Amino acid sequence: MSSITIATIPRISREALSALLLSTSTPSKLAIIDVRDSGGHILSSTWIPSSSLDVRIPELVRTLADKEKVVFHCALSQQRGPSAALRYARERERMLGGEGEESHKQEVLVLEGGFVQWQEKYGNDVRLTEAYVEDIWREY
């Protein structure tokens with residue numbers, strides 16, 4: 001049985017994530033997985049609605065193998081984002097079988113506060129957010 005739990009998956013702040021995205025060397029080593037439905041996206045994120053995540057996880061593990069950090073998020077990063085990160089981390093562990101772990105080092109993270117907190121600070125920043133629909137988020 002896996003020792004990975006939702007509680008063991010670290011969080012990353014919106015400020016730390018934005019700094020990584022704005023860094024000239026980091027974006028190619030970073031993947032952001034958005035499991036929400038709509039309303040704008042963090043630049044360069046991959047959109048995979050939580051309803052289709054289970055069938056896509058093995059593919060994600062393979063295609064993101066070269067990434068140093070994989071960040072998951074939903075609207076608040078309280079349920080869907082952490083759950084997606086957990087399923088990904090466990091499947092990655094299963095697929096790697098514990099062999100060559102050091103050569104496949106990857107940090108799986110959850111965006112603290114999700115897109116709600118992200119958009120409060122970076123929603124209108126075109127360097128960090130795309131297809132942002134401010135009206136959707138006004139009530140948050």
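1. In the largest nonpolar core, which has 21 residues, those that touch the most other members are Ile-33, Leu-53, Leu-60, Leu-64, Val-70, Phe-72 and Tyr-88. A nonpolar core here is a set of buried Ala, Val, Leu, Ile, Met, Phe, Trp, Tyr and Cys residues joined through side-chain atoms within 4.5 Å, where buried means under 20% relative accessible area, exposed over 50% and partly exposed in between (1.4 Å probe, protein chains only). Two or more residues each are given to this core by β2 (30-34), α2 (50-63), β5 (69-73), α3 (80-96) and β6 (107-111), and the largest share, 5 residues, comes from α3. Helices (H or I, at least four residues) and strands (E, at least two) are DSSP runs, numbered from the N terminus.

2. This is a predicted model, in which local features need pLDDT of at least 70 and side-chain atom pairs count only at pLDDT 80 or more, while totals for chains, interfaces and linings use all residues. Residues are numbered from 1 along each chain as its sequence is written, and side-chain values use heavy atoms, with hydrogens and water left out.

3. The structure holds 2 aromatic pairs (ring centres of Phe, Tyr and Trp, the latter by its six-membered ring, within 6.5 Å; planes under 30 degrees apart count as stacked, over 60 as edge-to-face and the rest as tilted). The rings of Phe-72 and Tyr-88 have centres 5.3 Å apart and planes at 50°, so this pair is tilted; it links distant parts of the chain, with Phe-72 in strand β5 and Tyr-88 in helix α3, 16 residues apart.

4. Trp-118 and Tyr-122 form a tilted pair, at 4.7 Å centre to centre and 45° between the planes, and both Trp-118 and Tyr-122 are buried.
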